[in-house]
Amino acid sequence: MRWHAGLVDRPEIGISFAPELRLFVASPRREGRTTVRTDGASTLGHVVESLGVPLTEVGALLVGGRPVPDAHVPADGDEVAVHGVTRPQQLAGPPRFLLDIHLGTLTRRLRLLGIDAAYENPDVGDAALAARSAAEQRVMLTRDRGLLRRRELWAGGYVYSHRPAEQLRDVLSRFAPPIVPWSRCTSCNGLLHHATKASLHGRLRDGTEHSYDVFAECADCGQVYWRGAHHASLNAVVEAALHEFGPSSANNPSTSLM
Ligand SMILES: [Zn+2]
């Protein structure tokens with residue numbers, strides 16, 4: 001009795017994706033539920049990824065309403081629901097980030113909020129980015145879906161919007177990093193420490209030295225910051241982030257330097 005074998009060997013399954021995942025799926029399959037014939041051996045994680053959805057963006061996988069791991073091998077007739085990540089997303093370590101070259105503005109805004117945000121120069125390839133994510137346990141933030149499929153990544157996050165303001169809200173709501181404004185160098189990601197006027201003497205223009213009293217200096221690159229020098233747009237970024245996302249109770253706002 002082998003007349004049924006073809007069906008058993010190549011199971012047909014139904015998959016529905018959460019709305020926020022549908023942009024990754026090839027357009028004819030985007031709406032609601034789709035059916036797929038698998039090879040009978042591939043894991044559900046592989047099937048989801050082969051439909052274009054990076055696993056970094058996937059939360060719960062349900063078969064018939066029950067949660068299954070990525071390694072589940074779908075059987076004929078399985079009805080799969082693919083959920084997006086729950087927010088805030090739990091990480092295996094402190095939230096720190098690595099951003100690709102297209103996210104320079106987002107990088108500076110994260111640093112402005114005191115969030116550890118490393119940034120790679122344009123010459124570095126996907127392999128080097130993924131290796132750094134793994135070595136330093138940084139969440140790779142990118143709009144490059146191919147990069148998010150790299151197995152070496154410690155963790156990854158797709159940045160949905162083109163607009164920096166929306167990108168920042170996306171990252172803050174997804175990973176809930178503690179916000180400590182004015183504590184990190186926006187140029188190099190180094191930590192700021194208090195600096196006295198005396199220690200900076202000769203490095204400031206006269207007007208600056210006479211007009212301001214609170215100074216901070218980057219421990220890594222030596223860039224000097226002073227209270228009052230912030231452009232109104234930077235203040236607006238900080239105020240908006242604090243209003244919506246923090247500072248969290250776990251975070252001591254008094255560690256802010258400026
Ligand atoms: Zn610096």
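This is a predicted model: local features need pLDDT of at least 70, side-chain atom pairs count only at pLDDT 80 or more; totals for chains, interfaces and linings use all residues.
Local features need pLDDT of at least 70 and side-chain atom pairs count only at pLDDT 80 or more, while totals for chains, interfaces and linings use all residues. Residues are numbered from 1 along each chain as its sequence is written, and side-chain values use heavy atoms, with hydrogens and water left out.

Let's start with helix α6, residues 164–175; helices (H or I, at least four residues) and strands (E, at least two) are DSSP runs numbered from the N terminus. Among the buried residues of α6 are L168, V171, L172 and F175, where buried means under 20% relative accessible area, exposed over 50%, and partly exposed in between (1.4 Å probe, protein chains only). The buried residues of α6 pack against β6, α3, β8, β9 and α8, with contact meaning heavy atoms within 4.5 Å. Just after the helix, A176 takes a positive phi of about 45 degrees.

Now to the metal. The zinc ion has the protein donors C185, C188, C218 and C221, each through SG, at 2.3 to 2.4 Å; donors are N, O and S atoms within 2.8 Å of the metal (3.2 Å for Na, K and Ca), and water is not among the atoms, so sites may look incomplete. Their spacing along the chain is C-x2-C-x29-C-x2-C. C188 lies in the loop between α6 and β10 and C221 in the loop between β11 and β12, so this pair ties together parts 33 residues apart in sequence. C218 is buried at 3% relative accessible area, whereas C188 is partly exposed at 30%.

Technical notes:
The expected span of a helix is 1.5 Å times one less than its number of residues.
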